[in-house]
Amino acid sequence: MTLEEIKSIAENSKESLERLASNYGRDVKIYLHWSAGHYGQFFNDYHVNIDSDGSYHVTTNDLSEVISHTYHRNSGAIGVSLACCAGATSNNLGSEAPTGAQIESMSKLIATLCIALDIPCDKTHVLTHGEAADNEDGITNLHDPYGPKSTVERWDLEFLGTSESPSWNPYATGGSRGGDVLRGKGNWYIKELMKA
Ligand SMILES: [Zn+2]
């Protein structure tokens, strides 16, 4: 599916996403995952899966559909996942690390969704699963922390090594984390898309 098609699905889903989110007194959120599965392996637990070649595989025509991607945070929220990272460790993301194409496609998708849903690309609205797990958006009453800063049960996208360099982070510098990199790239793409 193309970004243009996903954009129109997002616009059609906007109202009901907003209604669900407002039941919880917040804006719509976008959660960024990796599947911890194989390249080419897609899951219905995410609204959008992104394959190793950067292609988009959308599991529903309604992005407000509540599916279970992010523990206790699924209403009025979109789950996006990179199909990768089977066997990843925090020292080495392994033989199925994210590809450069996947990271670029996720960043473009973040930009497209933020524009379509009229939300800013910041940590209140766009979080990696690891950040959400540690309640880094300041919403602490949903669940105990279980991310990289606490129990490390989930640490999706905390590191962004690629298939070319699985053991270090070619994107992040100065100690920035995967979520910072993806939001930074998302904001860059937002500017590009607004120019077009
Ligand atoms: Zn996840």
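A crossing of two helices is left-handed if the near helix is turned anticlockwise from the far one by less than a right angle, and right-handed if clockwise. In this predicted model, local features need pLDDT of at least 70 and side-chain atom pairs count only at pLDDT 80 or more, while totals for chains, interfaces and linings use all residues. Residues are numbered from 1 along each chain as its sequence is written, and side-chain values use heavy atoms, with hydrogens and water left out.

The crossing of α1 and α2 is right-handed. Helices (H or I, at least four residues) and strands (E, at least two) are DSSP runs, numbered from the N terminus. Helix α1 covers residues 3-22 and helix α2 residues 100-117; they pack at an angle of about 45°, and their axes are 8 Å apart. Axes here are lines fitted to C-alpha atoms, for helices over the stretch in contact, and angles run from 0 to 180 degrees between N-to-C directions. The two helices α1 and α2 are therefore oblique to each other; angles under 35 degrees count as roughly parallel, over 145 as roughly antiparallel, 65 to 115 as roughly perpendicular and the rest as oblique.

The zinc ion has as protein donors His33 (ND1), His129 (ND1) and Asp156 (OD), lying 2.1 to 2.2 Å from it. Donors are N, O and S atoms within 2.8 Å of the metal (3.2 Å for Na, K and Ca); water is not among the atoms, so sites may look incomplete. Along the chain, the donors of the zinc ion follow the spacing H-x95-H-x26-D. His33, in strand β1 (residues 29-34), and Asp156, in the loop between α3 (129-133) and α4 (178-195), are 123 residues apart, and this pair links distant parts of the chain. His33 has 1% relative accessibility and so counts as buried; Asp156, at 4%, therefore counts as buried too. Buried means under 20% relative accessible area, exposed over 50%, and partly exposed in between (1.4 Å probe, protein chains only).

The loop between α3 and α4 also holds Val152. Val152 has a positive phi of about 60° although it is not a glycine, and counts as partly exposed because its relative accessibility is 42%. Cys85, in the loop between β4 and α2, has a phi near 80°, a positive value in a residue other than glycine. At 3% relative accessibility, Cys85 counts as buried.

Glu65 lies in the loop between β3 (56-58) and β4 (77-82). With 37% relative accessibility, Glu65 counts as partly exposed.
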